[in-house]
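Please keep the sequence and the 3D view open while reading the points.

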Amino acid sequence: MLARLRPALEQIFSAYGISEFQAQEVLEGSFWILLNLRLRVEHADGWLVRTVIERCQMLREEAILEGPSE
């Protein structure tokens, strides 16, 4: 699954300005949730992409609220 989604995920991380470290955390967290929901998620690929986008949006919003680092 990850190999198939890699180009899309890389594009998402790039679009949101997510660092490699943050991307790793987002993916790990998303995969853990997916594993726990596996029996209830019909379209795992779509679910994972949507979850990654939502988590990237949250990271961006947090960065905006924190303001520029000094």
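The points below go from the overall fold to one helix and then to the salt bridges.

1. The model is a predicted one, and its protein chain contains three helices and zero strands, which follow one another along the sequence in the pattern α-α-α. Along its principal axes, the C-alpha trace spans about 45 × 20 × 15 Å.

2. Of the 70 residues in the protein chain, 26% are buried, while the chain exposes about 5,400 Å², with carbon and sulfur atoms supplying 55% of that area. When contacts between residues at least 6 apart in sequence are considered, 64% of them join residues at least 24 apart.

3. Helix α3, residues 44-66, has 23 residues and reaches 33 Å from its first C-alpha to its last, which is close to the 33 Å expected at 1.5 Å a residue. Just after α3, Gly 67 takes a positive phi of about 80°.

4. Which residues of α3 are buried? They are Ala 44, Leu 48, Thr 51, Val 52, Ile 53 and Cys 56, and what covers the buried residues of α3 includes α1 (2-16) and α2 (20-37).

5. On charge, the protein chain carries 7 positive and 11 negative side chains, and the centres of these two sets lie 9 Å apart. A search of the whole structure finds three salt bridges, which are taken in turn below.

6. Arg 4 forms a salt bridge with Asp 45, in which the closest N and O atoms are 2.9 Å apart. This pair links distant parts of the chain, with Arg 4 in helix α1 and Asp 45 in helix α3, 41 residues apart. Arg 4 counts as exposed at 56% relative accessibility, whereas Asp 45, at 24%, counts as partly exposed.

7. Glu 10 is partly exposed at 43% relative accessibility, while Arg 6 is exposed, with a relative accessible area of 52%.

8. In helix α3, Arg 50 and Glu 54 are likewise four residues apart and so separated by about one helical turn, and their side chains meet in a salt bridge at 3.3 Å, N to O. Arg 50 counts as partly exposed at 39% relative accessibility, and Glu 54 counts as partly exposed at 39%. As a general point, an α-helix has 3.6 residues a turn, so residues three or four places apart point the same way.

Notes:
Residues are numbered from 1 along each chain as its sequence is written. Side-chain values use heavy atoms; hydrogens and water are left out. Helices (H or I, at least four residues) and strands (E, at least two) are DSSP runs, numbered from the N terminus. Buried means under 20% relative accessible area, exposed over 50%, partly exposed in between (1.4 Å probe, protein chains only). Contact means heavy atoms within 4.5 Å. Accessible areas come from the Shrake-Rupley method with a 1.4 Å probe; for residues, only the protein chains shown count as cover. Lys and Arg count as positive and Asp and Glu as negative; His and the chain ends are not counted. The place of a charge is taken as NZ of Lys, CZ of Arg, CG of Asp or CD of Glu. The expected span of a helix is 1.5 Å times one less than its number of residues. A salt bridge is a side-chain nitrogen of Lys or Arg within 4 Å of a carboxyl oxygen of Asp or Glu.
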